[in-house]
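Thanks for coming. Please have a look at it before I start.

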Amino acid sequence: LSFFLILSFLLTGGSCALFAQNPLISGQYTADPSVRVFGDKVYLYPSHDIPVRPGKGRPGWFCMEDYHVFSSANLTDWTDHGVIVSQNKVPWVKSDTYSMWAPDCIFRNGKYYFYFPAPPADTTLGRGFAIGVAVSDNPAGPFVPEPSPIKNVKGIDPNVFIDKDGQAYLYWSQGHIYGAKLKENMLDLASEPVILQKLPEKGLKEGPYLFERNGIYYMTYPHVENKIERLEYATGDNPLGPFKMAGVIMDESPDGCWTNHHSVINFKGQWYLFYHHNDYSPSFDKNRSVRLDSLFFNADGTIRKVVPSLR
Ligand code: FUB
């Protein structure tokens, strides 16, 4: 094992992959991994891609009707805790759209808040996606959805960050990446949404994920300029920016999957990047599976590019 670790370390310029069991979950598709450390376990909140069937979803497009949560104490053995939220059990969601896209979850004041985007049934809320919250006493659920989506938020890919001073922020995407402060109740905005400044202007940016390390705020996001998404990051000294483009975390996939979507955690002193690829569905890139690789920083806080580990 140590021979392969040293070889991998040399071949990847230091960003060696410590896990060889990618993709992490078999038996169902998992995408858009939002991963959190709660207590001594890691919780994975992915989207749940399912194959399109007659009457279920739009051919050639993403199809998702619910969310599962998985947990692991060692990043190798994962327990599926089952469905935590489904489209036909959320009062405000248009229940036949199969568009339960990328979620996130966070802990505050004894409760777990699960954020998810979906098209609303109420047409006065406009076309496209709204973002709602479901609340639980336990990271594995049961989660109870709020009756309405968050006011003043239109878009997908919610991400929540709580700063050291206790202020919570919600990020989401709608072409650009938006951010706003959240109230203490974690259910309402506490400030007007702003487009985060100084991220690349051209090309779709989505899937924001913000984390802080040694006083640096890292805004990380998939960015597509030429058909396939690349994971990039920008840094700043404030959770709402302005940010400065700092580099690429993971290059575009060379073999097809046009989306990538990720999250970053520190677990037991090691940093990890969770992301997705269509490993179990090579001919259809909207049936994806979650992957994991170690993430390393340089002394100046820049991130070393991650080379995806192979199965
Ligand atoms: O999973 C559906 C969408 O694909 C997500 O919301 C995006 O981030 C992309 O991964």
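Is Asp157 buried or exposed, going by its C-beta neighbours inside 10 Å? Bear in mind that this is a predicted model. Asp157 has 29 such neighbours, and the cut-off for buried is 20 or more, so Asp157 counts as buried. As for where Asp157 sits, it is part of strand E9, residues 156-162. Its backbone is worth a look as well: phi of Asp157 is near 60°, a positive value in a residue that is not glycine.

Tyr98 is another non-glycine residue with positive phi, in this case about 50°. Tyr98 is in a loop, the one between strand E4 (79-86) and strand E5 (104-108). There are 22 other C-beta atoms within 10 Å of Tyr98, so this residue is buried.

Staying with E5, let me go on to the hairpin. E5 pairs with strand E6, residues 111-118, in the antiparallel sense, and the pairing runs over five bridges. Arg108 stands opposite Lys111 in E6. Two residues lie between the strands of this hairpin, and Asn109 has a positive phi there, near 50°.

Now the cis peptide bonds. Which residue does Asn22 join through a cis bond? That is Pro23, and omega for the bond is near -10°. Pro23 is in the loop that runs between helix H1 (2-11) and strand E1 (31-38). Another cis bond links Gly141 to Pro142, with omega about 5°. Pro142 is also in a loop, between strand E7 (130-136) and strand E8 (144-145).

Last, the core. How many residues are in the largest nonpolar core? There are 77. The residues with the most contacts inside this core are Leu44, Val85, Tyr113, Phe114, Tyr169, Met219 and Leu273. By element, E6 gives the largest share of the core, with six residues.

Which residues is Leu44 in contact with, once its neighbours within four places in sequence are left aside? They are Pro33, Val35, Val69, Phe70, Trp78 and Val290.

That is what I had to show.

Definitions and conventions:
Residues are numbered from 1 along each chain as its sequence is written. This is a predicted model: local features need pLDDT of at least 70, side-chain atom pairs count only at pLDDT 80 or more; totals for chains, interfaces and linings use all residues. Helices (H or I, at least four residues) and strands (E, at least two) are DSSP runs, numbered from the N terminus. A residue is buried if 20 or more other C-beta atoms lie within 10 Å of its own, exposed if 12 or fewer, and partly exposed in between; C-beta atoms are placed from the backbone. Two strands pair if DSSP finds at least two bridges between them. A nonpolar core is a set of buried Ala, Val, Leu, Ile, Met, Phe, Trp, Tyr and Cys residues joined through C-beta atoms within 7 Å. Two residues are in contact if their C-beta atoms, placed from the backbone, lie within 7 Å.
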